[in-house]
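Let us walk through this structure together, one region at a time. Please keep the sequence and the model side by side as you read.

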Amino acid sequence: MFDKITDHIYIQPAEHYTDRPNVGLIVGEKYTLLFEAGNSAANVQQLQAALKENNLPQPDFVAVSHWHWDHSFGMHAWNVPTIAGKETNDQLLEVAQWKWDDESMDSRVKTGEDIVFCNEMIKREYPDHSLIKVVGADIVFDGSMIIDLGGVQCHLIHAKGPHSSDAVICWVPQDDFVFLGDSNGKDLYGKPWHFDIEHEEDFLDETAKIPFDDHLVKEYLALLDTLYFDRCIGGHAPLMTKQQLYATFEK
Ligand SMILES: [Zn+2]
């Protein structure tokens, strides 16, 4: 169910059971952009059905915030042009080479290429691993790009931030809104942290213990300072005001 947030923006809320992220729809007079591709073809079908049910247009473009599976593995299932930043796309082309049998998946967790949390969630989203298909984007940008949807613009900006160095945000100045993807979150791939699928309830407590990289946060906030917005949304949490976002980095 897509919720109307502003004049041009609708959001399908995240589902934590298989780590499906918040997905944004920005509707212009000429074109519609979806921000985040979903984590599987099944997720894409669910999004398409929700758009239909809500009498909203299907997207003309799909852009992703970063390479992590939950945001990007649905890309192949949209039959419209997909958009990614260069660093995201380079990583996706790398992940497209990965094998998805249990042994390969578990060995990547040992080498640190992947993490326990994603491994468990991928297995849950994909009982049949053969359905996993990872592809690069059709349109790749370096730095930033502006998409004019007609009466509303989307600024895709390589914002980096503490979560992942490839992270792209989507600023919609007409609506004073920013889609952050996971860019404002902790780096789950950096330092080791504990996740046990039998104790999912501990996820927030465990990730809270991961420290932010202060230098990355400082650079990130310096970029966000230059953007006017009232509200924003991260990849998996509810809407926030700009003040609430900044407060998450205070010690
Ligand atoms: Zn992520």
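The cover over the buried residues of helix H3 includes helix H2 (69-72), strand S6 (82-85), strand S7 (139-141) and strand S10 (168-172). Here, contact is taken as C-beta atoms, placed from the backbone, lying within 7 Å. Helices (H or I, at least four residues) and strands (E, at least two) are DSSP runs, numbered from the N terminus. This is a predicted model, in which local features need pLDDT of at least 70, side-chain atom pairs count only at pLDDT 80 or more, and totals for chains, interfaces and linings use all residues. Residues are numbered from 1 along each chain as its sequence is written.

Which residues of H3 are buried? In this helix (residues 86-95) they are Thr88, Asn89, Gln91 and Leu92. A residue is called buried if 20 or more other C-beta atoms lie within 10 Å of its own, exposed if 12 or fewer, and partly exposed in between. Looking down the axis of H3, the buried residues fall within an arc of 165°, so they line one face of the helix; the arc is that of the directions from the helix axis to the C-beta atoms.

Leaving aside residues up to four places away in sequence, Cys170 touches Gly24, Phe35, Ala63, Cys154, Leu156, Val178 and Phe179.

Two strands pair if DSSP finds at least two bridges between them. S8 and strand S9 (residues 153-158) run antiparallel and are joined by 5 bridges; Met145 has Leu156 in S9 as its bridge partner.

Finally, look at two loops. Most residues other than glycine have a negative phi. Asp19, in the loop between strand S2 (9-12) and strand S3 (23-27), has a positive phi near 60°. Glu36, in the loop between strand S4 (32-35) and helix H1 (41-53), has a positive phi of about 100°. Asp19 is buried, with 21 other C-beta atoms within 10 Å, and Glu36 is buried with 31.

Technical notes. Contact = placed C-beta atoms within 7 Å.
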